[in-house]
Amino acid sequence: MITKKLVFCQFIFLLTLFQVNAKALSHIWNAKWIEIGYNESDDSSAAQYFRKVFSAKKDKKEIKSAILYITSRGMYEAEINGHRVGNDYLTPGWTSYSHRIQYQQFDVAALLHKGQNAVGITIGNGWYRGKLAWGEHNKNHYGHTLALLSQLEIIYKDGTKETINTDDSWRSSTGSIVSAEIYDGETIDDRLEKTGWANAGYNDRDWSSVKIVDYDFSNLIPTENEPVRKHETFNPVKIITTPKGEKVIDFGQNLVGWVIVKANGQAGTKITLQHAEVLDKNGNFYNTNYRGAKATATYILKGGQEETFEPHFTFYGFRYIKIEGYPGNIKPGDFTAVALYSDMKPSGTFECSDSLLNKLQHNIQWGQRGNFLDVPTDCPQRDERLGWTGDAQVFSLTAAYNRDVKNFFSKWLKDVAADQLPDGAVPFVIPNVLGGNDAGSAGWSDVATIIPWNMYMVYGDEKILKQQYASMKAWVEYMHSKSVNNLWSTGFHFGDWLFYRPDDDDDGRSAVTDKYLIAQCFYANSVQILINTAQVIGKTDDVQTYTALLNAVKKAFLKEYVTPNGRLVSSTQTAYVLALQFDMLPEELRAQAAKRLVENVHDYDDHLTTGFLGTPYLCEVLSRFGYSDIAYKLLLQKTYPSWLYPVLHGATTIWERWDGQKPDGSFENPGMNSFNHYSYGAIGNWMYRNIAGIQPAEPGYKKIIIKPLIGGGLTWAKGSYNSTYGLIVSEWHITDNKVKLHVEIPQGTTAEIYVPTADGKYSEKKEVNPGKYDFEE
């Protein structure tokens, strides 16, 4: 078996590879890192303003290209001659800044003109030095000072060039953004606006100089994933005066972004917007579940004209806003909510005859939109918003059906590897701002193996497996190093997070699953994935080594957790689901285990009891072992705990808890009660694969399986997936007890089509080439 020393060496090689690749690109930088030249308080959250006037020798008609290369330690927005550069937000994005800082490049030729021009750049704390996580010392995770790096390269048609770099000729100052924090929100005082500051004619004699700082360039990398951009906008659906007399606007959708506000009032008028996801049972504004996050927008008018406000360096998770201090009547046209998320292309669609399932699908998609904000966050509203690894891995396949997440996850997985500890443990959150030894939990750290393999199966690109292989191997070796006789029964684990537990549990109904049983299952799964990966990329020695390990891990599981008759020591749904999903049991014990699972479901009146780790596989295991009727019954269950309970209680996204809001209208513990938390939305994968019936038979959908699972009283369903080869379509209708199936298969692929019958069986299997097909049974 591989030694710890060798694993550590491989890990260091992976980090060095990142740095070498970055250094290969660093030659473009002639600019210098600069910081402000004035003093600021130690805990400042005010934005910093930088400007530079330069002369363009020729008219923009003579410009062949003008590219602005830019990044910052902090979040930035850039302007040229008073016009915003690009339509990206929250740049340069969030990475493990100690190892990797992205830079962006923008075509700015259209913004230039002959003669005097000006570049203006604003920087906020962002993820670099702003508040992240919790506790007293939750700032300055990556540094105490903000910095800017900018290089404008102009090439004229005659071959001459000009370069405008950040250097000691730039100027710096404060401005109207007097505070900006991700958790707390943003305060803009328009009275402090420096009108025209990003134009050449502005007088900056009262501005300060800047300081050149000697930061390393080796961790600079080009942007790897889609930028965060503005998307859907929402007008108020209702303006409410609550029983407490609060002025509240309902936008009808729990989203992530901010509200654009128009106002006209006297100078010094102070408008505050607080954000919330829900109203309490009495209809009053409620944001206690935001914990320590103030999540407030504060706007101070300069007066004399209509003013428009929107934040720059923060974001909010909300459906409702509470408004205080607004001058005049609150009108719908003065408030517009705008959604922000990474600009991933839509890839899949799903719709069926059950309106509640369609609403569930809507909620799954909006949970992804709100939490795929450059990193896959757990929640977008409270003082957290971190890249929790367990949440990301359970949802990754559903995410790939909904959106093209290839670049999104590829970029984030590099940060997983970069922040992986020397012993191979993967931190709970990526980028890792929790620090210390917060790493190594089963089902969370397995993100190192699960997502790379999932992305390979979806997109068919071996690159991600080669990119992540050292990280995958290091994680498996970590588990091996913590095991005794191949049994991993040490360390901290989150377990089946937020499993079902009744309030008054006198008779032990809480679905508590042994955490080390769970750990052993995920251990085996990661070893199996590593074997599969080694086969794909030609690591034949590792295939043999880890096949032997896998057999030993499964034997240890049987000895420790399974009785001779096949009963697990934890008789929970999650225990049986994981044992069956990961093939922990020999063939002769699987059917009885599946039966025990079904009996457990019946014992809870046909309700699920699973948490974060069991839920993604529950319906998949049931349908795999011939209990599709039970899978449908769970999916369509309307009372707590179920997927449709939140839908029937007004949810527009997926909730963190099965009963975030209880039947009596009261709330769960506000310390852990997000109403936008995509993990339980992992059921979307089963809906696509089984109801619509679209599955990859080979990586990247080179070969496709179309196998709709008729049931649940559904009379029709249709789904599509835009694969790397093209659009896949599966659509079925039941009329007069006959099933009509329409299928479309893209060029470059083949497919196996299982033609369903109305009773949930299949009449035949057909092997087909690209084309459109219609069947009736």
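Tutor: One term before we start: buried means under 20% relative accessible area, exposed means over 50%, and partly exposed is in between. Also keep in mind that this is a predicted model.

Student: With that cut-off, is Cys 521 buried or exposed?
Tutor: Buried has to come in under 20%. Cys 521 has a relative accessibility of 0%, so the label is buried.

Student: Which cysteine has the sulfur closest to that of Cys 521, and how far away is it?
Tutor: A disulfide needs two cysteine sulfurs within 2.5 Å. For Cys 521 the closest cysteine sulfur is too far off for a bond: it sits in Cys 619, at 18 Å.

Student: How many disulfides does the count come to?
Tutor: A disulfide is a covalent bond between the sulfur atoms of two cysteines. Going by the 2.5 Å cut-off for the sulfur pair, the number of disulfides is 0.

Student: On to charges. How many salt bridges are there?
Tutor: Side chains of opposite charge can pair when their charged atoms come close. Here the cut-off is 4 Å between a Lys or Arg side-chain nitrogen and an Asp or Glu carboxyl oxygen. By that rule, the count of salt bridges is 36.

Student: What is the N to O distance between Asp 184 and Lys 131, and how many residues apart are they?
Tutor: Their side chains form a salt bridge at 2.6 Å, N to O. Asp 184 is in the loop between strands E11 and E12, while Lys 131 is in the loop between helix H2 and strand E8, so to speak distant parts of the chain, with a separation of 53 residues.

Student: Which residue of that pair is buried?
Tutor: Lys 131 has 26% relative accessibility, so it counts as partly exposed. At 12%, the buried residue is Asp 184.

Student: Which parts does the salt bridge between Glu 232 and Arg 369 tie together?
Tutor: The two side chains meet at 3.5 Å, N to O. They are 137 residues apart in sequence, so the pair ties together strand E15, which holds Glu 232, and helix H3, which holds Arg 369.

Note on methods. Residues numbered from 1 in each chain as written. Predicted model: local features only at pLDDT ≥ 70, side-chain atom pairs only at ≥ 80, totals over all residues. Heavy atoms only, no water. Helix = DSSP H or I, 4+ residues; strand = E, 2+ residues; numbered from the N terminus. Buried < 20%, exposed > 50% of the residue type's maximum accessible area, 1.4 Å probe, protein only.
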